[in-house]
Amino acid sequence: MISSAMDPPPFDPLQPSIPISYPLKTLEELESRAYFKSFHYPFNKSSVPLKSSVLDNRPRILVCHDMQGGYVDDKWVQGGNNESAYAIWHWYLIDIFVYFSHNLVTLPPPCWTNTAHRHGVKVLGTFITEGSDGIETCNKLLATKESAQLYAERLAELAAVLGFDGWLMNIEVSLDAAQIPNLKEFVSHLTQIMHSSVPGSLVIWYDSVTITGELLYQNQLNEKNKPFFDICDGIFANYGWEEDYPKLSAAVAGDRKFDVYMGIDVFGRGTYGGGQWNTNTALDVCKKDDVSAVLFAPGWVYETKQPPDFQTAQNKWWSLVKKSWGVVKFYPNSLPFYSNFDQGRGYHISVEGVQVSNSPWNNISSQGFQPFLEYKDNPTPDSIQVLVDFKEESYSGGVNITFKGTLKDNNDFTARLFQGNLLLGELPLHLTYSVKSDVGSMLGLSLQFSSNLDERTLVLIAPWEANQLSNKFSKVIVPHMVNTQEMAPGWVIQESSIQMNGYTLTEIHAVCYRPKPEIRKLRLEHKSDESEVFYKSSIDLTTEEVINNKPPGVLLFCGSIPDDQTCGGSQHNINNDTSAQVSSEYFAVLGHITIKTSKENPVFPPSSSWLVEGQYIKLSSGSQGSKKLSVKITWKLKDGSKFQSSKYNIYVEKLAKTATGNSGGRVEDIQEYIGVAYVEAFYVYDLAIPSNITSLKFIVQVCGVDGACQKLDDSPYYQLDVEGKQPLTNLDGDI
């Protein structure tokens, strides 16, 4: 993984280096379009489009991320090595995300845009002028109507090309009254051109300078700042407001009251209610008066090291937001839907059940759809604890959802995972999920559907017999187990299908329960050789159907079979001896969920259809005859089409001469994972090459939006011969 602890030379955006995100600090940079000549520019494009550009007609939550000057761990586009890096994962409580810093033009790192868009959240950059430099900037910016239009067009171009959704405008200096007409032209022109170039985009005015040019915060919408509000998409009212200001602002806004965003400083600096753990006090007032709210600097939880740890404190703080405001984003809302629950940081990385890296890492782009887990302040010891777990092995990415605690026989426990709004058509739903569990711990999924008549249907998808649960559900389905011991050792993959034409999928829950004692005994008997018992519930499948679907080498057990009774030729002696009894401790791990309308994985383009190239090749000497390589790898389909991918895993094979002298033998048969890309480019920096290596094969593993990844042997690759090559730098791609 890329290290954020390196001490790089002075930054030159034209020279190849580890890709980073960075702001523009002068109008000259903005006007010259120099950013588009930067080596880093193509890496900074977001790759996840926003599926819906329409803002809901209700009070909204805007999060303004202001932390440590910006561009901290999140500046490393290809990821860093800080497993404790800051992240936000309560996206279902957010409508708009603003990336803020005190630089003139703050461009959101693509990791924030990618994960926010994945969750349906708009992302804005920031344009700010402040201090003496800000006065000089405004003098040039507002010199003429034409200059105001020019810089507005430059800002709109950046947003459109990099893939984010607009701007927060913060003119935090005093102006001459004569400059106000051109300031209004700047804001108006930016709003208009943003709307035409990025449908659904937003330009939001910060409550700072007034219509007379005074730098005088109003802390509300009134006649001194409404002229700016009238020509853009909303106003961020400064956070020094009093209790009646939201109501007064709503009256001034009229039918645009939801475009009034009342500021709340989470640090509590002069903010109503005091912020911090009382942030919900201000939220409650905004909600009551039917206006929107800004949560400014929620990184307070992280920066001030709130106890007991960041994960717990973050979940607790956002639970206050949820209690006050409620859920604002719902998913799944489209197909395919895939989540590995990743929070964009961790101690290891897995791909389809196989761990490929055990190094600490962070990359917010890697966040999957985040579960709607309920925060419990003081969980009781005799209950099930549900947590996003960074330490247990993951099926995909760096985390899983772990369920552990106490669960007695005949009891069950449910935990909400997602709240959706997915209208179903004629095609059936195909659902897949991965599980690891103790012998006496079973994990199923509950799907809640609603009809046009608001009738609720509950469907349980659960392996093994769950008779004690059946009276709680409209239907119980026993999934088909995919035999994955070779591909994903230790993981059980469950597959199931259901057709609910015209219904809406509204909720997904995990269901924890225990198998019957006789089934538990079978699991104990066959756990050692990693065999599984395929159990058929009589309420769903016939014996013939189960036999036909049974994975090879898997034992079959049907119903509540009396001693010595057989099913489909498989015979088991069942008794209730003490070996079938286990403690009430419960432990199960959920690795991922996929929902789509086809059982089949995507058809990946063959390796031969890709053009994979190396650029900016730099080969330098290391110790004891070794070398170091830096190279930019790019790939595209030869016919110019685009494959709908979610990401690209990058591996390297180091090839050495064989005993016969031929080049091409793998070193220890290792395909080493070196990173992940979200655009069609990856920069390899200072890769160590042992002296016996003659060639490097860089593999680009394409992954689909349903979580499936192309087999490495079928993936496109770039091969580079390094035998006998002397240290050099070659920008053309050949050495």
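Biologist: What is the relative accessibility of D686, and which class does that give?

Modeller: This is a predicted model, in which local features need pLDDT of at least 70, side-chain atom pairs count only at pLDDT 80 or more, and totals for chains, interfaces and linings use all residues. Residues are numbered from 1 along each chain as its sequence is written, and side-chain values use heavy atoms, with hydrogens and water left out. Buried means under 20% relative accessible area, exposed over 50% and partly exposed in between (1.4 Å probe, protein chains only). D686 has 34% relative accessibility, so its class is partly exposed.

Biologist: Nice! Where does D686 lie, and what is its phi?

Modeller: Strands are DSSP runs of E with at least two residues, and helices are runs of H or I with at least four, both numbered from the N terminus. D686 sits in strand β35, residues 681–689. Most residues other than glycine have a negative phi. D686 is not a glycine, yet its phi is positive, near 50°.

Biologist: Which loop holds Q276, and what is the phi of Q276?

Modeller: Q276 is in the loop between β8 (260–265) and α8 (279–288). With 32% relative accessibility, Q276 is partly exposed. Though not a glycine, Q276 has a positive phi of about 50°.

Biologist: Happy to move on to peptide bonds: which residues does the bond with omega of about 10° join?

Modeller: Most peptide bonds are trans. The loop between α10 (310–325) and β10 (337–339) contains P332. The cis bond with omega of about 10° joins Y331 and P332.

Biologist: And what is omega for the bond from L335 to P336?

Modeller: P336 is found in the loop between α10 and β10. The bond from L335 to P336 is cis, and its omega is near 0°.
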